[in-house]
Amino acid sequence: MIKEVIYEFWENELPEVIPRETEIDSSDLVNDIVGIRRCGKTFLMFSKIKELLNKFDKKSIIYINFENRKLFPLKYEYFNEIIEFIHSENLLDKGKVYLFLDEVQKIDGWEKSIRSIYDEFKGRIKIFVSGSNANLLSKDYGTLLTGRHLSKTLMPLSFREFLRFKDYDLKEVLTEKDRAKIKKFLEDYLYFGGFPEVVLSDNKEQMLSQLFNDILSRDILSRNIRKESVIEEFSYYLAGNVASLLSFNKMADYFKSRGIKISVPTIENYFVLIENSFLFFDNLIFSYKIKDQFQNPRKVYCIDNGIFNFIGLKFNKDYGKLYENAVFLKLKKMSFDDHLINIFYWKNVLHEEVDFIVKEGLKVKQLVQVCYNIDKEETKKREIKALIKASKELKCNNLLVITKDIESEEKIGNKKIKFVPLWKWLLQ
């Protein structure tokens, strides 16, 4: 079957690909591409393949998707069959072979084979692997391929990428008409999210619902969980409480009130499963004590505004939360791209809060408040008061408030605060 799948790839045309801002490394190291289902990992691979086809013959490239029905039931022996095929076709005699393995984590023990192939054919076979679960980057895999791999986490479309998918050519100098168009696109982006297929679809609501169910069933519930109904309800609960505080103890009490006995450690394990699918993330409180970070409630965010909006909000637009989730996603992408960057929220004993603390290495780099409507003087004072207090405590003067449409700079005492509209900040 491996031979048939490879020949089909060679014979068929690649689909059209819209370039992403994410680039794949071209060194001899193994490239891992991870991210939520349907976020574009396969098309990122196709984009790299098209780039390679400008220089090399298609027979120097092998692409295999382990979700291809023709390969079921999946076998560990497939990796040996791939190498046997490469030898039988004398591909290495013609130069370097580029091997793309999509959804590779579907085969148990794949990590050992990838290391073996890398060690045996270093410089002659370049390996790209992808997967829809953070377990692709497990400790075992990291140990096996220490110094042998580079990881890239792909997310749904950024707002810049969204505009490209909408055939909007972003200009350096924007007219009033351009800004009006961009703000209209932002409405769609906040409402329907950035999954590529959803962006290009005419049936967005149904596709989002199906996508959420696929992620639940194929990437979470498929992991031999005893109480599937509990984790399913937990996922819907998270969707309805994005940008809100989550306490595992309170969740245990919630299920207990419904007659479902479940321990706090079990709920924590369920959340890890959900987070590993990239469906939801948590944001911990800022503290120099690790114990405090994990003992305090965490804030929950969703991988995509479309899923959050249609699964969690039930068609009601809460722009405050939609804005906050969109800001988190851009900051989260920054942390994926640069592992020195970590994101937190800040809260003091008076329950004054700053939405995001951006920490780079040991230093707090920026404080960010998100406020959709800051026209009310009372709201503005509350947001700024917390920002100033956090600034003094964390010794950070890079203060930002992200708003709907206000762009200005204000001086409060010896502190400068920048106000930037969300659309402009997302495009920076």
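Visitor: Which element gives the largest share of the lining of the largest pocket?

Guide: In this predicted model, helix H12 makes the largest contribution to the lining of the largest pocket, with five residues. Helix H12 covers residues 264–276, and it is joined in the lining by strand E5 (149–153), strand E7 (280–283), H15 and E9, each of which supplies at least two residues.

Visitor: How much space lies in there, and which residues are closest to the centre?

Guide: The largest pocket holds about 720 Å³ of space. It is lined by 28 residues, and those closest to its centre are Glu275, Phe281, Lys332, Ser335 and Phe336.

Visitor: And how does that lining divide into nonpolar, polar and charged?

Guide: The lining of the largest pocket consists of 15 nonpolar, seven polar and six charged residues.

Visitor: What about the second largest pocket, what volume does it have?

Guide: Its volume is about 470 Å³, and of the 21 residues that line the second largest pocket, Arg38, Gly40, Thr42, Phe43 and Glu197 lie nearest the centre. Two elements give two or more residues to this lining, namely helix H2 (41–53) and helix H8 (196–199), and the largest share, three residues, comes from H2. By type, the lining of the second largest pocket divides into seven nonpolar, five polar and nine charged residues.

Visitor: Back to Phe281 for a moment. What is its bridge partner in E8?

Guide: Phe281 has Tyr301 as its bridge partner in E8, and E7 and E8 run antiparallel, joined by four bridges. Strand E6 (residues 245–246) also pairs with E8 in the antiparallel sense, over two bridges, with Leu245 standing opposite Lys299 of E8.

Visitor: Is E8 itself buried or exposed?

Guide: Strand E8 (residues 298–302) is largely enclosed by the rest of the structure, because five of its five residues are buried. Both of its faces are covered, with Arg298, Val300 and Cys302 buried on one side and Lys299 and Tyr301 buried on the other.

Visitor: Why is helix H14 described as largely enclosed?

Guide: Helix H14 (residues 305–312) is described that way because eight of its eight residues are buried. The buried residues are Asn305, Gly306, Ile307, Phe308, Asn309, Phe310, Ile311 and Gly312, and they pack against helix H7 (176–192), helix H9 (204–220), helix H10 (228–239), E8 and H15.

Visitor: H15 keeps turning up. Which strands does it lie across?

Guide: Helix H15 (residues 319–337) lies across E9, E10, E11 and strand E12 (399–403), and it runs at about 10° to E10. Helix H16 (residues 377–394) packs on the sheet as well, touching E9, E10, E11, E12, E13 and strand E14 (415–421), and its direction makes about 175° with that of E11.

Visitor: What order do the strands of that sheet have?

Guide: The sheet is open and has six strands in the order E9-E10-E11-E12-E14-E13, with mixed pairing. Its edge strands, each pairing on one side only, are strand E9 (341–347) and strand E13 (408–412). On average, neighbouring strands of the sheet are turned by 25° against each other, with direction ignored.

Visitor: And how many bridges join E10 to E11?

Guide: Five bridges join strand E10 (residues 353–360) to strand E11 (residues 363–370), and the two run antiparallel.

Terms used
Residues numbered from 1 in each chain as written. Predicted model: local features only at pLDDT ≥ 70, side-chain atom pairs only at ≥ 80, totals over all residues. Heavy atoms only, no water. Pairing = 2+ DSSP bridges. Axes fitted to C-alpha atoms, helices over the stretch in contact; angles between N-to-C directions. Contact = heavy atoms within 4.5 Å. 1 Å grid on protein atoms, 1.4 Å probe; cavity = no way out; pocket = protein on both sides within 12 Å on 5 of 7 lines; lining within 4 Å. Points joined across faces, edges and corners; volume = space filled by probe spheres on them. Nonpolar A, V, L, I, M, F, W, Y, C, P; charged D, E, K, R; others polar. Buried < 20%, exposed > 50% of the residue type's maximum accessible area, 1.4 Å probe, protein only.
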